[in-house]
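Thanks for asking me to look this over. Here are my notes, in the order in which I would read the model with you.

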Amino acid sequence: MVELHKHLHPKLMLGIPLLEGTNPASCFPRIAIGYEVVCCNYIWSEVSAADIFVSEFQDDLLNQYAGLQYRNKVLASEGAKETLEILSDYL
């Protein structure tokens with residue numbers, strides 16, 4: 001995949017060279033993957049993070065109970081559930 005990206009990068013980026021030592025996937029033009037969708041998902045992830053912070057961690061950032069609940073209910077799902085289902089279960 002990296003080799004394919006290195007091959008296509010100059011053609012897609014109109015001759016702008018790929019910087020050596022960088023991750024090609026992080027440099028891929030966002031228009032090619034639907035920039036609007038990426039922005040929308042990013043905004044919703046910020047909303048979810050703010051909701052989690054205010055609901056669970058605002059009063060005590062080092063709350064062990066809230067941290068363990070976050071780890072067990074959110075991180076442990078590893079994407080097996082829909083985001084809304086994970087957040088509803090956690091909050």
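How many helices and how many strands does the secondary structure of the chain come to?

1. The chain comes to 5 helices and 0 strands, and from the N terminus on its elements run α-α-α-α-α. Please keep in mind that this is a predicted model.

2. On the chain as a whole: buried residues make up 15% of its 91 residues. The accessible surface is about 7,500 Å², and carbon and sulfur atoms account for 62% of that. Taking contacts between residues at least 6 apart in sequence, 26% join residues at least 24 apart.

3. The largest nonpolar core has 7 residues: Ile52, Phe57, Ala66, Val74, Ile86, Leu87 and Tyr90. Two elements, α3 and α5 (83-90), each give two or more residues to this core. Its largest share, 3 residues, comes from α5. As background, nonpolar side chains in soluble globular proteins tend to be buried together.

4. Helix α5 is worth a slow look. Its buried residues are Ile86, Leu87 and Tyr90. Viewed down the axis of α5, these buried residues fall within an arc of 95°, so they line one face of the helix. An α-helix has 3.6 residues a turn, so residues three or four places apart point the same way. The face of α5 turned away from the buried side carries the exposed residues Leu84 and Ser88.

5. Which residues does leucine 87 contact, leaving aside its neighbours within four places in sequence? They are Ser48 and Ile52.

6. The structure holds 1 salt bridge. In it, the side chains of aspartate 89 and lysine 81 meet at 3.9 Å, N to O. Is aspartate 89 buried or partly exposed? Aspartate 89 is partly exposed, since its relative accessible area is 38%. Lysine 81 also counts as partly exposed, because its relative accessibility is 35%.

7. Finally, the outside of the model. Tyr42, Ile43, Trp44 and Val47 form a nonpolar patch on the surface, and together they have about 470 Å² of accessible area. One of them, valine 47, lies in helix α3 (residues 35-57). Valine 47 counts as partly exposed because its relative accessibility is 43%.

Conventions: Residues numbered from 1 in each chain as written. Predicted model: local features only at pLDDT ≥ 70, side-chain atom pairs only at ≥ 80, totals over all residues. Heavy atoms only, no water. Patch = residues over 30% accessible without salt bridge, like charges linked within 9 Å, V, L, I, M, F, W, Y side chains within 5 Å. Areas by Shrake-Rupley, 256 points an atom, 1.4 Å probe, with all protein chains shown as cover. Salt bridge = Lys/Arg side-chain N within 4 Å of Asp/Glu carboxyl O. Helix = DSSP H or I, 4+ residues; strand = E, 2+ residues; numbered from the N terminus. Buried < 20%, exposed > 50% of the residue type's maximum accessible area, 1.4 Å probe, protein only. Contact = heavy atoms within 4.5 Å. Core = buried A, V, L, I, M, F, W, Y, C linked by side-chain atoms within 4.5 Å. Arc of directions from axis to C-beta.
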